[in-house]
Amino acid sequence: MPKVALLLGSLRRPGNGIGIASWLTPVLRQGLQDSRSAGATRTSLTDVVFLDPTKAPLPLGPIVDGSHVPSDIRDPTKHPNPAVRDFATLVSSFDGFVVLSPEYNGSYPGELKNTLDHLYWEWRNKPVVVVTYGGGGGTRCAGLLRSLLGGAFKMRVAEKGVAIKLPRSHSNGVEKVPTKGPAPDWLEAYKPEVLDAVEELKQLLAAKP
């Protein structure tokens, strides 16, 4: 069964990220199991797995082992750190990714970069869709993240992405996207954009390098 991982780039609790991820997971699953375009390959029974950065094997902590660099290790079972080895094996099991990231000070969070930097070959050639959020939609973060994933990590980045603009009540206020119950109307409005991006992801999944 094909598997797509939803990787959340924020450790903040409470925060909007976990709520957006809770809404996004079933939307991704719906899109991956439906074929809305004639040229798209149906990927029925595609599983969507949410990678919570607060739960094992994440977070991985800083890279302190200077005996090697991740690009030295092609076999995911050969990473010396047990947590990194478990994460590498998990990442290798996925066919594609959706990276969900907030924008922090015009860029992506350090914890997301740290998570990515622990591995190298495991990311290579995997299709990925970038979804960002923030007061301005996280567009600056999206540009940097797309460059990072498609450049250094050589992932196949979908041209279509989603930039979720948080209302002031959620970006600067005390309100957060709920993890249960109906999603806010302003978030539901992004569903068509997500499904469009998923259509491209399906094509990337079908066109394995």
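**Exercise 1.** Is K113 buried, exposed or partly exposed, and what is its relative accessibility?

*Solution.* The structure is a predicted model, and every value below is computed from it. Begin with the cut-offs, by which a residue is buried under 20% relative accessible area and exposed over 50%, with partly exposed in between. The relative accessibility of K113 is 26%, so K113 counts as partly exposed.

**Exercise 2.** Find the residue with which K113 forms a salt bridge, and describe where the two partners lie.

*Solution.* As background, side chains of opposite charge can pair when their charged atoms come close. The partner here is D117, and the closest N and O atoms of the two residues are 2.7 Å apart, which falls within the 4 Å that a salt bridge requires. Next, look at the positions: K113 and D117 both belong to helix α3, where they are 4 residues apart, about one turn of the helix. Finally, D117 has a relative accessibility of 25% and therefore counts as partly exposed.

**Exercise 3.** Consider the salt bridge between R13 and D52, and explain which parts of the chain the pair ties together.

*Solution.* First, the side chains of R13 and D52 meet with an N to O distance of 2.8 Å. Second, R13 is found in the loop between β1 and α1, whereas D52 is found in the loop between β2 and α2, so this pair ties together parts that are 39 residues apart in sequence. Third, turn to accessibility: R13 is partly exposed, its relative accessible area being 35%, while D52, at 12%, counts as buried.

**Exercise 4.** Locate the residues E103 and R140, which form a salt bridge, and state how exposed R140 is.

*Solution.* The closest N and O atoms of E103 and R140 are 2.8 Å apart. E103 sits in the loop between β3 and α3 and R140 in helix α4, so that the pair links distant parts of the chain, 37 residues apart. R140 itself is exposed, with a relative accessible area of 56%.

**Exercise 5.** Describe how helices α1 and α7 pack, and which classes of residue make their contact.

*Solution.* Helix α1 (residues 16–33) and helix α7 (residues 191–206) pack at an angle of about 50 degrees, and their axes are 9 Å apart. The two helices are therefore oblique to each other, and α1 passes α7 in a right-handed crossing. The residues that meet include W23, L24 and V27 in α1, and V194, L195 and V198 in α7. Sorted by class, this contact has 10 nonpolar, 2 polar and 3 charged residues.

Technical notes
Residues numbered from 1 in each chain as written. Predicted model: local features only at pLDDT ≥ 70, side-chain atom pairs only at ≥ 80, totals over all residues. Heavy atoms only, no water. Axes fitted to C-alpha atoms, helices over the stretch in contact; angles between N-to-C directions. Parallel < 35°, antiparallel > 145°, perpendicular 65-115°, else oblique. Left-handed = near helix turned anticlockwise from the far one by under 90°. Contact = heavy atoms within 4.5 Å. Nonpolar A, V, L, I, M, F, W, Y, C, P; charged D, E, K, R; others polar. Buried < 20%, exposed > 50% of the residue type's maximum accessible area, 1.4 Å probe, protein only.
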